[in-house]
Amino acid sequence: MTTERVSRSALTEVGIGTEAPTSVVLRHVGTRVERMAGNVFILPAVLVVLFLSIFPLFLSLSLSLSRLKFVKGGFEIKFVGLANYHKLLFGSEQNHFLGVLGSPSLLGWLFFLGVMAFLIWRLVRYIRAGSSSVVSLVGRVLTVVLLGSIAWLLAHTLSPEGRPGTVVVTLLYVFIGIAVQYALGLLLAMLTTQRLPARRFFRVVFLLPMMITPVGIAYTFRMMTDTDKGPFQPIWQALGLGLYSWVNDPWGARTAVIISDIWQWTPFMYIVLLAALEGQSVELMEAALVDGANRWQVFWHITLPQILPVSTTLILIRMIEAFKIVDLPNVLTNGGPGTATESMTLHAFIAWRTLDLGGSAAIAYMLLFLVTFLSMSYVNILRRRVVEV
Amino acid sequence: MKVRWFVIFVLLTVLVTLGAPVATVVASGPEKTAPQEKPFEGVEVNVLTFTGPQIAEPLQRRGPDFTKLTGAKINVIVVPFSDLYQKILTDMATGTNSFDAFVFAPQWMVDYIIPGYLEDLTERVQNDKDIQWDDIAPFFRDFSATYAGRIYTIPLDGDFHMVYYRKDLLEKEGMKPPATWDDYLAIAKAFHGKDLNGDGDPDYGSCISKKRGAQAYWFIFSVAGGFIQSLGTSQGAFFDTDTMKPLVDNEAFAAALDIYNETTKYGPPDELNLDVGDTRSLFTSGRCALSMDWGDIGTLAIDPQTSVVQDKVGSVILPGSTKVLDRKTGKLVPCDEKICPYAVDGVNHAPYAAYGGWSGGINAAAEPKVKDAAYAFFSYMAQPAQANVDVTIGKTGFNPYRISQFLNRELWVKAGMSPKAASDYLGAIEDSLNSPNMVLDLRIPQSQRYQQVVLDQAVSQFLSGEITKEQCMKQIYDGWEEITEELGREQQLEAYRGTLGITK
Amino acid sequence: MVIPNPFRRRSPVALSPLEMAISYLILIIWTGVVIFPLYWLLVTSFKLPIDVNMGPFYLPFIDFQPSLHAWDYILVGDLANDTRRNYFNTVVVAPTSASLALLLGTAAAYGLTRFEYRPRLGLILCFLGTLVIVVAAITLGAPWQVAILAGIALFVILVQTVARRFQRSLKNSDIAFWLISQRMLPPVAVVIPIYVLFQRLGLLDTHLALIITYLAVNLPIVVWLMRDYFQSIPLELEECAAIDGASRYRIFWSIVLPLAVPGLVATFLFVLVFAWNEYLLALFLSGAKSQTLPLTVAAQNATRGPQWWYMSVLILIMIVPVIAIAVALERYIARGLLVGAIKG
C-alpha cells in the first residue's frame with residue numbers, strides 16, 4: 001500500500017529531524033518514546049485480542065479432533081483424528097451438512113458452468129501474464145477448485161430433487177441478505193443525506209432495529225411471522241391463505257428468516273454508509289455538476305469510488321457476522337420445517353447443546369475454513385483492487 | 001527489538017494480575033461463625049434453576065421461611081431455561097462449583113451421576129421422616145429419583161403427558177374421551193374445521209406441539225409408548241434391555257409415526273412450528289378440541305387471565321393401543337392377558353413421564369454442611385405441608401406427584417378449581433400415576449443427543465415431508481446405533497438398565 | 001464555490017418536487033417497516049395473555065383493555081430485583097467495554113494506516129508457541145506466576161536459538177486480516193474455552209470478565225472501520241503538524257481524532273450495541289452477580305412457551321437508553337468530515 005509507505009517515511013524524517021534540542025537525556029527519552037509510537041498504537045489491541053483468542057482457537061481445534069465422554073470421576077477427552085469431520089462430509093451427517101444431491105436443472109448447469117468459465121478464464125489470464133510464483137499459483141488453483149465446488153454444491157442441492165444442507169442454507173442467508181441490506185442501506189443513506197426536512201428523525205429511526213438484542217428481534221419476528229394470531233393475520237386471511245402457513249414451507253420459512261435478517265442488519269449498512277457519504281468530498285461533486293454531469297454520472301464516477309473502500313470493509317465485516325447467523329433461525333423455526341432453515345452455526349449449536357462438543361467444534365471449524373477462504377478470496381480479488389486504485 | 005517484547009510481557013502480566021485480587025475475593029467466600037441455635041445458622045446455599053416464575057418462584061418464596069426455621073440462607077440463581085443443562089454441567093465439570101444445589105429435569109441426571117458430580121441422597125432420605133417418602137407416587141420414588149438403586153434427587157414436581165379434550169363439545173356430540181389413538185383421530189377429524197369458540201373462524205381438531213428443537217420428540221413417544229411397552233416401566237420403550245438395539249424399526253413405531261403424521265391433518269396450518277406455549281394458548285383460547293400436553297393445561301385452563309374454556313376441559317390418560325409390539329418379530333400382535341397385563345378394557349396404556357418432573361439434586365463437591373442444608377431445604381419443599389399447597393398454584397409450575405395430593409381435593413377447590421374440574425383433572429393424573437406401565441423417559445448418558453439431535457431431526461424431517469417413514473425409522477435407528485457405538489454399548493446398556501431398575 | 005459553513009454541508013444537488021415526493025415515500029415506507037414491529041412490542045406489553053392468544057388486536061382501549069400486569073411483573077413485582085440488577089450490570093459493562101474498544105481499536109487502526117509493521121514470522125511463531133504453553137499450563141492448574149516466568153524464559157531461549165533463522169515477515173494488511181479473522185469462529189466454539197480461561201483466572205461472574213471479553217470481541221470491528229476512515233484523511237495536515245514539532249501522540253490525539261468523529265461515533269454505536277445485547281458469552285461468564293439483560297429477555301421463553309408480554313416490556317426498556325445515546329450522538333455523525341474544507 002503505497003500511501004502507508006509514503007506517510008511513514010515522511011513522518012519519520014520529519015519527526016526525528018525536528019526534535020527540539022533541549023537536554024540530552026530528555027531528548028533521548030523523547031526519541032525513544034517517539035520511536036516506539038508505532039508499537040504503542042497497535043500493541044494493546046493486538047495483545048487483548050491475542051489474550052482471548054489463542055487459547056480458545058487451539059482448544060476448540062483439539063476438541064474438534066476428539067470426543068468428550070463422561071466417565072466415573074469426571075470426563076475423558078479421546079483423540080479420534082478426523083472422525084468428526086469425516087462424519088460431516090461423508091458419514092451420517094452428510095445429508096444434513098452438505099445436503100442431498102439431485103441432478104441440477106438447466107439453470108443450475110448454466111450457473112455452474114458460468115462460474116467455472118469465469119474462474120478458469122481468470123486463472124488462464126493470470127498464468128498468461130507470466131508473473132506467477134509457485135505459491136500464488138497454487139493458491140489460485142485452490143481458489144478455483146474450492147469456489148468451483150461451492151458452485152457445484154449449490155447447483156446440485158438446489159435442484160428439484162436435491163435438498164440444501166446447512167452449508168448451502170447459510171450461503172443463501174449470507175449472500176441474499178447482504179445484497180439486499182447493502183442496496184437498501186445505500187439507498188436510505190443517500191436519501192437522508194439530501195436536504196430534506198425531518199432528516200434527523202429518519203436517521204434515528206432507521207437505526208432502531210440494530211439496537212434490539214438479537215434474541216429479542218428473533219422473538220419479535222416470531223410474532224410478526226405468525227399468521228394465526230400475529231398482526232398480519234387479517235391480510236393473510238384476506239389473501240385466502242388462511243389454511244397455509246409460510247413457516248411450514250421450506251422456502252417460506254427461509255424467506256421469513258431472510259426478511260428478519262434484513263430488518264435487523266440494514267441499519268448497520270445504513271449508518272456506516274451514511275458516515276461515509278457525509279465524509280465525501282463535495283468539491284468534486286460540485287465540479288462535476290458544474291461541468292454538466294448528470295446525477296447518475298456523479299454517483300457512478302464520484303460518489304461510488306469514494307465510498308467503495310468503506311463498502312468493501314463493511315461487506316467483509318457483515319459477511320463474517322452473517323455466517324454466524326443463529327438466533328433468527330433458532331427462535332423463528334428452530335431450524336425447521338425439517339432442516340430447511342438450519343444454518344451452520346445453529347447446526348453446531350444444537351450439537352453443542354447436547355454436549356457433542358467434538359462434533360460442534362468440527363462444524364465450527366468447517367465454518368471458519370469456509371469464511372476464511374471466502375473472505376481471503378474477497379480481499380484478494382475485490383478489496384485490494386478497490387482500495388489501491 | 002528487546003524492548004518491544006519486554007513491553008508485551010509487562011502488559012500480559014498486568015492483564016493477568018488484574019484478575020488476581022478478584023480471584024481472592026471470590027475464593028474467600030462468606031464465612032461467619034454464629035451461635036448454634038439453628039442447625040444451619042450462617043450457611044448459604046446457592047441453588048441454580050431457570051428463570052421462572054415456574055419452579056423458581058416457590059423456591060424464592062419459601063426460602064425466607066426456611067431461613068427462619070433453620071438459619072440457612074437460600075440464594076436462588078436463575079438462568080434461561082434453554083441453557084440450564086449446559087450451565088450445570090460446565091460448572092461441575094470444570095471444577096468451578098459455584099452452585100451447591102440444582103433444581104433440574106431428572107432426565108439429565110445420569111450425565112451428572114456417572115462422573116460423580118451428584119450427591120447420593122439415599123441415607124439422608126432413609127433417615128428423614130418428615131419427607132414422607134412413601135407418600136410420593138411409586139413411579140417418582142422408584143424410577144424418577146433413583147439410578148441403579150440409589151436416590152439422587154428429591155422430586156418437587158410430577159411431569160407426564162396427558163390428553164386434554166373439550167368436555168363441552170364431546171358431551172354435546174355424545175362422544176366419549178379417546179381411549180385409543182384411533183378414537184383420538186376420529187374425534188379430531190369430527191371437530192376439525194368447525195368453529196369451537198364462537199368467533200366465527202374455523203378451528204382445529206387437534207393441537208400438538210411439533211416444532212423442531214422444542215417438544216416434538218417427546219410427543220412421538222407418547223403415541224408410540226402404548227404400542228411398544230406393555231409389561232411395566234422396567235420393560236423400557238427405547239431400547240432392547242439385552243442388546244441396546246433401538247426399538248424404532250418395527251411395526252409399532254411405524255404405526256405411531258402414521259398416527260402422529262395424521263394428527264397434523266387436523267391441526268393448525270403452522271402446527272410444525274408450534275411449541276407447547278403456542279398449543280397451550282390455542283387450547284385455552286378455545287381453538288382446539290384435543291391437545292396432548294403436560295399437566296400445565298389443567299391449571300392454565302382455570303385461570304381467567306389466560307383462558308376462555310374454564311370448566312370446559314377434561315383430561316384423560318394417554319390413549320393406548322389394542323395391539324402391542326412383539327419384540328422378537330418386530331410385528332404388532334393383539335393384546336391378551338399375558339402380553340398386556342395392565343390393559344384396561346383391552347387397551348394398553350403407557351403414560352409417558354416425559355422430562356420427568358423438576359427435582360432437586362445436590363453438588364457432591366459442596367461443603368458437607370452446605371449439602372446438609374441443601375438437603376434440608378429440598379426436603380422442606382417436598383414435605384406435604386408445603387408441596388401440597390404449591391401444586392395447586394398454577395404459577396409454581398409444580399404438578400402433583402404425591403398420593404395425598406389426590407386424596408385431599410379441598411386444596412384444589414380452595415385454589416379456584418370447581419369440584420368437578422378438580423376431579424376431572426386429578427382423575428387423569430391419578431390414572432397415569434398409578435399405572436405400573438408408565439414410560440420412563442430416556443436418561444442414559446448423552447440422552448440429549450439421542451433425542452434432541454437424532455430423534456427430533458428425523459421426526460421433524462418426516463413431518464415436513466423431507467423424508468419418508470422408512471427413511472425416518474432408519475435414520476433414527478442408525479443415528480442411535482452410532483451414538484451407542486461411540487459411547488460404548490456396554491456402558492450405555494448398563495446405564496439404561498440402571499435407570500429402569502434392572503439388576504442382574 | 002466556497003462553502004460558508006463546513007458543518008452544514010450536504011449534497012449540493014437540490015431535488016425537484018417529484019423527486020422529493022418519491023424520496024419521502026421511500027423514507028416513510030421504510031419508517032413504517034421499522035416502526036411497526038416496535039409498535040407491536042409496545043401494544044403487546046399492555047396485553048393480557050388472553051389478548052395475545054385470541055388473535056391480533058391492534059389498538060388499546062378499542063380492541064382490547066390494556067393492562068399493566070407485565071410492566072408490574074418486570075419493574076415492581078417478582079422479577080423487579082433481577083431486572084434492576086441485570087440492568088445495572090449491563091449499564092456498567094457495555095459502555096465501559098465499548099469505550100475501551102474504541103480507544104484501543106482506534107489507536108491500532110491509526111497505527112496500521114500510518115506505520116509500517118514488519119513483524120517477523122519466526123518471532124511470532126515463537127511467541128504464540130510460548131503463549132499457548134503458558135496458558136495451557138495455567139489451565140491445567142500450574143500457578144500463574146511460575147508459568148509466566150517460565151514462559152518468559154522459554155521465549156527468550158526460543159528467540160535466541162530458533163527465531164533468528166526465519167526471516168519472513170508480515171505486512172500491515174496481514175495484521176488487519178488476522179484481527180478480523182478472530183471474529184470468524186462462531187461463539188459456540190469459543191465459549192467453553194473462554195469460560196475455562198476466566199475460571200482459572202478467578203474472574204468468573206465479574207464485570208471485568210465481560211468487559212475484557214467484549215473488548216476483545218469488538219476490537220477487530222473498530223480497527224477495520226476506523227482504518228478506512230483514517231485512510232481517507234489526507235496526510236498533509238499531519239506532516240505539517242510534525243514539522244511544527246508535534247509528537248505522534250499529539251498528532252493522533254488533537255488532529256486525526258477530531259477529523260474522524262463521524263466514524264468514531266458510528267463505530268462506538270456499534271460496539272456499544274453489540275456489547276449491550278450480547279447473550280451467549282454473558283450467559284457463561286456470569287453467575288448471580290453479573291448477569292446482563294439479554295439473559296432476562298431470553299429467559300422469558302421457559303417451560304410455558306414465550307411470555308410475549310414480559311418479553312416486550314424487557315425489549316422496550318432495553319432499547320430506551322441506546323436510543324437516547326443514538327439521538328445524542330446523531331448530530332456528530334451528521335457533522336461530516338472536514339476533509340473537503342482542508343483540501344480546498
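Me: So, how many residues does the contact take from chain B and chain C?
Reply: Chain B puts in 54 residues and chain C puts in 46 residues. Keep in mind that this is a predicted model.

Me: What area is buried between chain B and chain C?
Reply: About 4200 Å², with carbon and sulfur atoms giving 66% of that.

Me: And how many salt bridges across the interface of chain B and chain C?
Reply: The rule finds zero salt bridges there. For polar contact, it finds eight residue pairs across the interface of chain B and chain C, both residues at pLDDT 80 or more.

Me: Which helix of chain B gives the most to the side that touches chain C?
Reply: Helix 1 of chain B, with 13 residues. Elements of chain B that each supply at least two residues to that side include helix 1 (2-27), strand 2 (73-79) and helix 11 (276-284).

Me: How do the residues on that side of chain B divide?
Reply: Into 23 nonpolar, 23 polar and eight charged.

Me: Switching topic: in the largest nonpolar core, which residues touch the most other members?
Reply: B:F221, B:F253, B:W480 and C:F230, in a core of 395 residues. The largest share of this core, 16 residues, comes from helix 9 (residues 207-231) of chain C.

Me: What does B:W480 touch?
Reply: Leaving out residues up to four places away in sequence, B:W480 touches B:F221, B:F238, B:F239, B:P246, B:V248, B:Y450, B:V454 and B:L455.

Terms used
Residues are numbered from 1 along each chain as its sequence is written. Chains are lettered from A and ligands numbered from 1 in the order in which they are written. This is a predicted model: local features need pLDDT of at least 70, side-chain atom pairs count only at pLDDT 80 or more; totals for chains, interfaces and linings use all residues. Side-chain values use heavy atoms; hydrogens and water are left out. A nonpolar core is a set of buried Ala, Val, Leu, Ile, Met, Phe, Trp, Tyr and Cys residues joined through side-chain atoms within 4.5 Å. Buried means under 20% relative accessible area, exposed over 50%, partly exposed in between (1.4 Å probe, protein chains only). Helices (H or I, at least four residues) and strands (E, at least two) are DSSP runs, numbered from the N terminus. Contact means heavy atoms within 4.5 Å. Buried area is the accessible area (1.4 Å probe) that two parts lose on being put together, summed over both. A salt bridge is a side-chain nitrogen of Lys or Arg within 4 Å of a carboxyl oxygen of Asp or Glu. A polar contact is a pair of N or O atoms within 3.5 Å; within protein, one must be able to donate a hydrogen and the other to accept it, and residues adjacent in sequence count only if both atoms are side-chain atoms. Ala, Val, Leu, Ile, Met, Phe, Trp, Tyr, Cys and Pro count as nonpolar, Asp, Glu, Lys and Arg as charged, and the others, Gly among them, as polar.
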